Structures are given as C-alpha cells and as structure tokens.
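This report describes a single protein chain for a reader who works with computed models. The sequence and the structure are shown first, and the description follows.

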Amino acid sequence: MRKIDKKTQIKIFNIILIVIWMITVFMFSGQKGEDSGNTSGRFTELIIRVLTGKSVDTNDSTIQMIETIIRKLAHYTIYTIGGFLIMNYAYTIDKKIKKKILYSICFGGGYAITDELHQFFVPDRSARLFDVGIDTLGVITGVVIYLLLRKCVQIVINKNKAENV
C-alpha cells in the first residue's frame, strides 16, 4: 500500500470540500420552485420576526421584495464560499497568482452557468443570466477574501519570525 504525502492529502481534502459545496448547490438548485419558495419564505419570515418581533403577511409586496433580496444574497453567499474553497485548492496546484485567480473565477463562474442550466430543467424554476452574474460576483468575493486572509496570515508569520530572530 502506497503512502500518500501531506501535500497530496491536502489537495484531496480541498477537492472533497469543493465537491461537498458543489453537491450542496446542486441540491438547492434541484428544489422545485414551490419548495424553494417555501424555504426562502420561511427564512424571510424568521428574519423579520427576529428583527421586529412581529409575524408577517407573506403576500405583502414589501415582504416579497425582501424575500427576493434574501434569495439573491443566498446565491451570493454560497458562491462566495465556493470561491474561497476553489482559491484554496488553486494554491496547491500552481505557482503564479494570476493563474490561480483566473482558474478560480473561471471554475466558479462556469459552475454558476451549469447551475442555472440545471435550474432550467427543474419544475417551476428558470435559468437567469442575472443569477450567473450574482454567483460569479460571489466567487470573486470569495477569492478576494481568501487572498486577504492569506496576506494577513503571512504578515503575522513574518512578524513572528522577525521577533524570534
């Protein structure tokens, strides 16, 4: 039996995280329109109840607008997580930062396209180019967050090295 080195283990772990993220997105996208609407409706009601202490009429146009915003924020957030995970993997396979960034954005944006195509075939759902844009913006945000955190960690490590010399 061949022993797997630590770098390969890290790559495999990162791939597993990305696959879990992709499956999660696929499952949400596979919800029928009514089920998806019910999920976001309950979440919207919960948020409003927590913030105001009052129950809401889900047929109210203001509530429906808030629900739409929450749905778009959910797209953005889940793809921000994906962008972060993809960029984390990209750091294990390439040396050039521009290639890592390009790879991550293309992979995440490409998955957003396939996600919307998948929704096209789900009852009462549709494929929207606007959602691909929101998703891709989320991926870019995840990449930027990853890069900023990586830079912060590097600063702390360099500071600790300088203090220990």
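What radius of gyration does the chain of 165 residues have, and what would a compact globule have? The model is a predicted one, and its chain has a radius of gyration of 20 Å, whereas a compact globule of 165 residues would be near 15 Å. Along the principal axes, the C-alpha atoms occupy a box of roughly 65 × 40 × 35 Å.

**Fold and surface**

The secondary structure consists of five helices and zero strands, giving the pattern α-α-α-α-α along the sequence. Of the contacts between residues at least 6 apart in sequence, 70% link residues at least 24 apart. Buried residues account for 28% of the 165 residues.

In soluble globular proteins, nonpolar side chains tend to be buried together. Here the largest nonpolar core has 16 residues, and those touching the most other members are Ile18, Trp21, Val25, Ile78, Tyr79, Met87 and Tyr111. At least two residues of this core come from each of helix 1 (6-29), helix 3 (61-90), helix 4 (97-120) and helix 5 (129-163). Helix 3 gives the largest share, seven residues.

Tyr79 illustrates the surroundings of one such member. Not counting residues up to four places away in sequence, Tyr79 touches Trp21, Val25, Gly108, Tyr111, Ala112, Asp115, Asp135, Gly138 and Val139.

**Two residues compared**

| Residue | Relative accessible area | Class |
|---|---|---|
| Asn14 | 5% | buried |
| Val156 | 48% | partly exposed |

Why is Asn14 classed as buried? Asn14 is classed as buried because its relative accessible area is 5%, and buried means under 20%. Leaving aside neighbours within four places in sequence, Asn14 is in contact with Asn88, Tyr89 and Thr92.

Val156 is classed as partly exposed because its relative accessible area is 48%, and the exposed class requires over 50%. Val156 and Gln31 are 125 residues apart in sequence, and their C-alpha atoms are 44 Å apart in space.

Terms used: Residues are numbered from 1 along each chain as its sequence is written. This is a predicted model: local features need pLDDT of at least 70, side-chain atom pairs count only at pLDDT 80 or more; totals for chains, interfaces and linings use all residues. Side-chain values use heavy atoms; hydrogens and water are left out. Helices (H or I, at least four residues) and strands (E, at least two) are DSSP runs, numbered from the N terminus. The radius of gyration is taken over C-alpha atoms; the globule rule is 2.2 Å times the number of residues to the power 0.38. Buried means under 20% relative accessible area, exposed over 50%, partly exposed in between (1.4 Å probe, protein chains only). Contact means heavy atoms within 4.5 Å. A nonpolar core is a set of buried Ala, Val, Leu, Ile, Met, Phe, Trp, Tyr and Cys residues joined through side-chain atoms within 4.5 Å.
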